[in-house]
Amino acid sequence: MRFADHLRRWTPEALARLLTARPDLLGAADRGFGALARRAVSPVSMARALIEADVGMVVTAEALVVARRGTAAELDELLGTTDLTGVIDALERLAERGLVVLEDGVAAPVGALPDLFARPLGLGPSFEELARHLPAATTDSLAQVLGAEGSNRPAVTAAAIARRLATPDGLAAVLAGARPEVTETIELLIEQRSPAVGLPAGFLYRQPEPSDPLRWLLERGLLVAVSEQVAELPREVVVAAHPEGLAPEARLRPVPLRPVAGLPADAATAAGADAAGRMLTAAETVVGLARAGEVITRKDGAVGIRELRRLSRRCDVEVGELVRLLSVLRSARLIEVVDRAVVATDLAPVWLGLDRPRRWTALVRCWLGAAELASSPLLGRDDREPTGPVAAFDEADLILLPLSARRHLVHALAGTPVGEAADPAQLSEVVVWRSPNLWLSYDVTPLGLIDALLDEARQLGLMAAGSPTRMLDALVREDEATWLPEPELRLPGPASERGPDLDTVAAEVLGPDQDQLVVQTDLSAVALGPLVPAVAEAMSEMADREPGGSLPSFRFSPTSLRQAFDRGWTAGTIEDFLGRHALSGVPQPLSYLIGDVARRHGTVRVLPARSVVVTGDEAEAVGVASSARAARLGMRLVAPTVLTSPVEPNRMLDELRAEGLFPVLDGATVVVRAHPEPVDGTTSADAVSGPGPEPAPGPPPDWTGPELVGGLSPHEIDDTVADLVAGGEETARADPPGEGGDDGAVDLRHGIDRRLNRPAVVTHLVDGGLAESAGVLVAVGDTVSLLGTDGVTELPLETVVAVEDPDR
Amino acid sequence: MNAPIGSGPLLLPAADTVLLNLAHPDAAAARSELARFAELDTAPDGLHTYRLTDLGLWNAAASGMTADRIIDTLRRWSAGPVPHTVEAAIVDTVDRFGRVVIEGGAGRHEGDAADRSGDPGNGGTVDDRRSLTVVFADEALADELLADAEVARHVGGRLGARSVALDPLDRGALKQLLLERRWPADDRAALSPGLPHPFALRPDLVLRPYQEAAVNAWLPSGTGVIVLPCGAGKTVTGIAAAAAVGARTLILTTGPAAIEQWRAELLRFTDLDPDDIGVYSSRGRAVRPVTLTTYHLLATRRDGVFRHLDLLQGGDWGLVIYDEVHLLPSAVFQLTAGIQSRRRLGLTATLVREDGRQRDVFGLVGPKRFDVGWRELELQGWLAPATCTEIRVPPTAAERMAHAAAPVRQRAQVAAGVAAKLDVVADLVDRHQGDGVLIIGTYLDGLHAVADRLDLPLLTGATPPAERLARFEQLRRGEIDALVVSKVGNTSIDLPEVAVAVQVSGTYGSRQEEAQRLGRIVRPKQDDRQAHFYTLVAQDTVEVDHARRRQRFLAEQGYGYEIVDASDVGPGPGPADATSSRV
């Protein structure tokens with residue numbers, strides 16, 4: 001019968017259970033039985049169904065694949081579990097999921113099921129499968145040796161050989177008279193169940209001794225060469241060698257939860273409510289920061305450890321908790337990563353607008369069906385010590401779980417009796433039995449995964465110290481209506497008798513938001529419960545959040561109030577806000593502080609300017625400010641002798657010079673170089689190396705080389721120094737003989753290499769004169785600031801060190 | 001805890017924090033029980049914050065409270081369920097106290113340690129050389145602690161599975177070590193009686209009930225600390241304790257003024273002859289049956305050796321009193337470790353030490369034996385209600401410029417000297433004529449200016465003690481309206497009728513200084529007058545920042561706090577007369 005016809009005979013209830021257990025069939029079901037059947041027998045769909053299958057189902061299905069078809073009793077015998085009821089139950093669950101067809105007490109695998117088990121019960125291929133690798137002559141030869149009925153159709157011959165090997169008696173007959181080393185070899189191979197046996201190079205061509213165990217086994221079909229290098233043991237041989245059954249230890253029935261001493265229900269619920277409250281508060285803070293664009297990510301979109309630490313302080317949670325929280329918020333689609341920032345989605349304001357219990361239930365429901373597990377860095381991996389989280393949203397650390405993973409866990413956890421707790425290791429055994437393929441396909445051990453999920457449940461307030469809370473109970477009740485058809489996983493009693501629904505429990509346990517705070521004379525403010533998000537956000541803008549445990553606590557300070565003013569609050573709006581939300585009004589000292597800050601806020605102002613022009617007197621400033629250029633340059637008179645402008649200083653210099661003024665750049669850095677032409681004939685190095693005679697006043701310098709401009713960027717300075725080193729030599733060489741000449745070049749290099757060890761006078765040309773920066777400890781090649789310039793004056797050439805504008 | 005509001009006055013937002021909601025009708029009842037095992041951290045006007053600390057719980061355990069009783073108190077008054085983590089922590093902490101017992105001398109058996117009903121202080125008397133026994137509650141604990149190399153170094157040979165010998169000289173060090181390991185020892189070893197020197201309290205001295213209760217709480221053990229708020233009569237309580245002991249007594253104080261006050265009160269309230277009281281100070285070395293000295297002197301070292309060690313260790317004192325024990329210097333802790341066989345009494349207004357060495361007080365002086373809150377004494381009329389007013393005084397433009405131009409470290413002094421403060425002080429003295437005004441400051445220049453302007457006597461460190469006492473007496477008798485005092489007035493002057501303090505400058509908003517200065521005026525007045533504590537703050541100077549620290553401290557202490565402008569202050573009734581008191 002076609003599977004589609006088979007499905008047509010199912011009751012609506014049975015079909016509903018099928019679709020509940022295999023939700024991927026829903027789409028196909030809309031298109032009729034044919035489509036449903038095609039989808040149901042497809043390898044992909046069947047593989048998904050097997051992820052949710054329990055150990056009993058998996059083992060029974062494997063036995064069925066080995067046996068190809070059979071009754072429950074035959075399968076029980078094959079397995080050796082002596083648990084006929086267990087096999088029957090497992091077959092029924094498989095049939096309910098459309099993985100097995102049961103007709104007249106005989107079970108048969110459906111569709112691609114056999115293909116999904118490469119090594120059912122750990123066994124290798126059957127003889128018939130292996131025989132496809134053999135030439136017909138070899139198969140015939142084997143049949144002849146084993147006394148099996150031959151045929152001109154190799155497949156028929158292979159089936160006859162398989163039957164010969166598949167019984168204990170048949171196997172014993174084949175092995176009768178075998179040498180001890182042959183017996184030892186085959187026993188070893190049988191123990192290993194399905195080993196791929198490596199054949200020595202050229203083994204099949206070099207005619208080994210007839211006594212060679214491998215040759216002996218190959219010539220009797222107990223090994224089949226599937227290539228020149230590899231031979232395999234037919235599964236019939238292993239079956240025949242295990243008359244007691246292939247999996248006598250397999251547990252076909254659920255592993256019971258064995259709770260340990262835990263918390264009373266009220267205590268667990270109270271602790272859970274506390275955790276839920278903390279988590280919600282932190283979630284609101286994160287969403288608030290994300291709305292303000294204050295959560296940055298690395299280039300790869302992950303939130304780095306530094307940012308996590310900063311956020312964890314803001315949210316008053318540990319970094320590990322924060323990583324889990326971010327994952328939950330992303331799963332709930334409240335935040336997302338956009339352009340190197342974690343931003344709030346359009347859902348965020350909607351969520352923030354919900355009342356407190358509903359904000360929590362929304363997160364919990366999203367968490368239950370979430371795919372990602374963000375806690376992988378916390379897990380104790382088999383090969384290394386557990387480490388702390390290093391990032392959130394790091395793809396490398398992300399584990400994607402089936403959507404049912406958390407459900408398996410919380411449903412199992414909900415089975416913990418009141419007053420008792422689940423031991424994680426034992427809980428791990430329970431949930432792994434329920435869905436082994438789900439938990440065993442990761443690098444991380446099932447216990448590691450379950451520990452991480454339990455951390456999440458604890459953080460959300462669903463459990464405390466291993467004991468389930470009332471919230472978890474309600475969540476499971478709500479969820480089981482649409483999930484987990486297995487009766488043994490359900491909580492006892494009809495749902496209506498077992499307590500209120502999740503929303504009701506959340507409202508009862510979490511309580512409403514508060515919009516009032518106790519504002520105290522010591523400038524602290526404490527809410528007697530969780531705050532309405534809008535109030536909490538406003539408070540965060542005007543006061544510093546303090547670690548206060550589960551109660552929102554704040555402290556006002558001049559700094560916090562200044563920040564509020566920066567954000568647009570005024571003394572009036574702050575007083576008004578506090579007047580509405582302070583239980584006993586605004587304490588007088590706080591009002592005074594608000595007034596203090598308001599009075600001082602903005603008395604010191606910062607103006608955006610790239611150039612600041614300082615004039616010698618007010619008239620000069622007015623002259624500049626009233627010029628035609630002033631408006632074009634955006635100049636603004638900010639003090640009697642001070643103007644600012646948004647243009648660059650160098651351009652400003654040029655413009656002012658064009659205006660006929662003689663400006664200098666204040667604070668410029670310039671490069672010091674050796675004076676090329678001392679008047680007394682000494683080199684610059686000589687001149688600065690010791691106290692010489694008091695220099696006599698001399699004529700103005702006849703010096704056309706170095707001049708000052710300044711205003712160099714650091715790289716320009718570096719380049720300039722390099723150029724100076726190269727170019728200075730030439731300059732020195734160009735000097736007239738007897739006044740430096742070659743010696744000057746040598747001195748220059750010498751001066752660059754050797755720092756002066758005492759203060760020197762730095763002079764520079766400034767628009768026709770020389771300026772002095774006295775007492776500056778410099779070396780040739782140094783850059784020095786001209787902020788210390790005393791004024792423009794004429795100086796004698798005896799001045800030992802000069803500065804120049806290398807650009808001139 | 002997100003428990004519904006209204007079911008109880010206590011909130012438990014964190015494992016070590018209990019908030020008392022003053023607005024709750026049961027707040028007072030809850031407070032008196034809570035204070036027995038939780039340390040009051042802050043007491044502003046809305047919510048009082050208590051901490052559940054190891055020391056607080058061990059102090060409670062030392063006074064006989066059990067973990068069950070503590071948990072029961074929390075459950076009874078909490079607004080919601082008490083988190084199991086809190087309960088578990090309380091049980092664990094309280095159970096640690098007394099699992100190591102120090103007992104005196106031979107003749108005792110391990111089983112004695114289990115009998116905790118006995119009076120620990122009356123286990124006989126020993127001299128300092130008699131060997132002691134450390135008894136552990138069980139063998140496992142003994143093995144655990146003795147495996148600790150440091151602990152093992154301070155004990156002698158094993159006497160049994162649960163006991164080891166202890167050299168009396170190691171008694172203090174071992175107690176400190178065990179405290180660090182969170183196994184506080186119950187020191188029940190007998191104390192040395194010291195040389196007897198009986199004396200009696202004068203019949204006209206009637207101890208207040210709480211003073212009597214404090215002495216009775218301390219006496220059985222002969223060690224520990226009595227915590228009384230400023231103005232509650234710590235000195236009298238200490239004298240009563242000493243009289244009850246009736247032995248040679250060494251009293252360690254904070255300075256010469258305190259010595260004078262103790263001496264005066266000893267003479268005033270006991271039948272001690274003046275010759276029985278000695279002062280061991282830089283001016284003399286008189287060791288008498290009751291000897292007064294200072295921490296400073298005791299801690300003086302020369303070439304690394306404590307020069308006055310003999311005073312503490314010799315003398316066969318039957319009692320050592322530590323006045324203001326929260327100020328006990330480190331060096332004296334070191335010395336105190338060596339006199340663990342003496343009776344020890346610590347007196348303080350707060351166990352909180354700025355250096356965080358509360359554990360040493362617990363380990364070496366002893367657990368808190370008695371504590372009574374400000375509020376209770378105020379309600380009973382033993383302390384005067386006080387209001388704190390900060391008066392903002394505007395500096396002139398020139399003073400502002402001087403302040404701005406001064407080096408950062410000198411700005412406080414510049415601000416302290418703002419001239420307009422003199423006018424305000426004059427107004428306040430005028431307003432409070434007959435109230436007794438103490439004008440306190442840190443900078444002598446400013447104090448001289450006040451004294452000159454108002455023609456008031458000025459007391460500084462240079463003023464001879466006799467003159468100081470004479471001036472205090474004048475103020476007490478109302479012969480002068482006000483007195484200007486420097487930092488010497490911070491502590492240990494007893495002026496019960498003084499109702500007003502005007503602080504013209506302070507030491508960077510020091511909390512300790514603030515408490516001490518306030519303590520000068522909260523003695524109860526015969527006519528139930530309210531005490532006023534004014535602080536003059538120069539507007540827009542560093543004093544505003546310092547004042548903010550003080551404001552927080554005072555508000556956390558529970559005082560009403562108000563800020564007014566100098567222009568609002570004038571002679572006669574003004575805003576400062578508004579009724580306000582500690583909450």
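Visitor: Which residue forms a salt bridge with Arg476(B), and how far apart are the closest N and O atoms?
Guide: The partner is Glu473(B), and the closest N and O atoms are 2.5 Å apart. Please keep in mind that this is a predicted model.

Visitor: Where do Arg476(B) and Glu473(B) lie?
Guide: Both belong to helix α21 of chain B, which covers residues 465–477. They are three residues apart, about one turn of the helix.

Visitor: Are Arg476(B) and Glu473(B) buried or partly exposed?
Guide: Arg476(B) is partly exposed, at a relative accessible area of 33%. Glu473(B) also counts as partly exposed, at 26% relative accessibility.

Visitor: Which residues do salt bridges with shared partners join into one network?
Guide: The network consists of Asp596(A), Arg599(A), Glu390(B), Arg392(B) and Asp540(B).

Visitor: Where does Asp540(B) lie?
Guide: Asp540(B) is in the loop between β25 (531–538) and α23 of chain B. Its phi is positive, about 60°, although the residue is not a glycine. With a relative accessible area of 27%, Asp540(B) is partly exposed.

Visitor: Which residue of chain A has a positive phi although it is not a glycine?
Guide: Leu121(A) has a positive phi, of about 55°. This leucine sits in the loop between β3 (106–109) and α9 (127–131) of chain A. Leu121(A) is buried, its relative accessible area being 10%.

Visitor: Let us turn to the interface. How many residues of chain B are in contact with chain A?
Guide: On the chain B side there are 29, in contact with 33 residues of chain A. The area buried between the two chains is about 2600 Å², and carbon and sulfur atoms give 55% of it.

Visitor: How many salt bridges are counted between chain B and chain A?
Guide: The count is three. One salt bridge joins the side chains of Glu556(B) and Arg555(A), at 3.8 Å from N to O.

Visitor: Which elements of chain B supply at least two residues of the side that touches chain A?
Guide: They are β1 (10–14), β2 (17–21), α23 (542–557) and β26 (560–565). The largest share, six residues, comes from α23(B). By class, the side of chain B that touches chain A has 15 nonpolar, six polar and eight charged residues.

Visitor: Back to Glu556(B): why does it count as buried?
Guide: Its relative accessibility is 11%, and buried means under 20%, so Glu556(B) falls in that class. Glu556(B) lies in helix α23 of chain B.

Visitor: What does Glu556(B) touch, not counting residues up to four places away in sequence?
Guide: In chain A, Glu556(B) touches Asp522(A) and Arg555(A). In chain B, the residues touched are Thr42(B), Ala43(B) and Pro44(B).

Visitor: Now chain A. Which residue forms a salt bridge with Glu478(A)?
Guide: Arg365(A) does, with the closest N and O atoms 2.7 Å apart. This pair links distant parts of the chain: Glu478(A) is in helix α25 (residues 470–480) and Arg365(A) in helix α20 (residues 356–368), 113 residues apart. Glu478(A) is partly exposed, at 33%, and Arg365(A) is likewise partly exposed, at 33%.

Visitor: And what about Asp503(A); how far are the closest N and O atoms from Arg365(A) there?
Guide: Asp503(A) forms a salt bridge with Arg365(A), with those atoms 3.3 Å apart. Asp503(A) lies in helix α26 (residues 502–510) of chain A and Arg365(A) in helix α20, so the pair ties together parts that are 138 residues apart in sequence. Asp503(A) counts as partly exposed, at 35% relative accessibility.

Visitor: Lastly, confidence. What pLDDT does chain B average?
Guide: Chain B averages 83, and 89% of the residues score at least 70. Within chain B, confidence is lowest in helix α5 (residues 111–114), at a mean of 34, and highest in helix α10 (residues 234–245), at 95. Over residues 105–128 of chain B the pLDDT is below 50, and over residues 573–583 of chain B the pLDDT is also below 50.

Visitor: What ipTM and pTM does the predictor give the complex?
Guide: The ipTM is 0.79 and the pTM is 0.67.

How values were computed
Residues numbered from 1 in each chain as written. Chains lettered and ligands numbered in written order. Predicted model: local features only at pLDDT ≥ 70, side-chain atom pairs only at ≥ 80, totals over all residues. Heavy atoms only, no water. Contact = heavy atoms within 4.5 Å. Buried area = accessible area lost by both parts, 1.4 Å probe. Salt bridge = Lys/Arg side-chain N within 4 Å of Asp/Glu carboxyl O. Helix = DSSP H or I, 4+ residues; strand = E, 2+ residues; numbered from the N terminus. Nonpolar A, V, L, I, M, F, W, Y, C, P; charged D, E, K, R; others polar. pLDDT = per-residue confidence, 0-100. Buried < 20%, exposed > 50% of the residue type's maximum accessible area, 1.4 Å probe, protein only.
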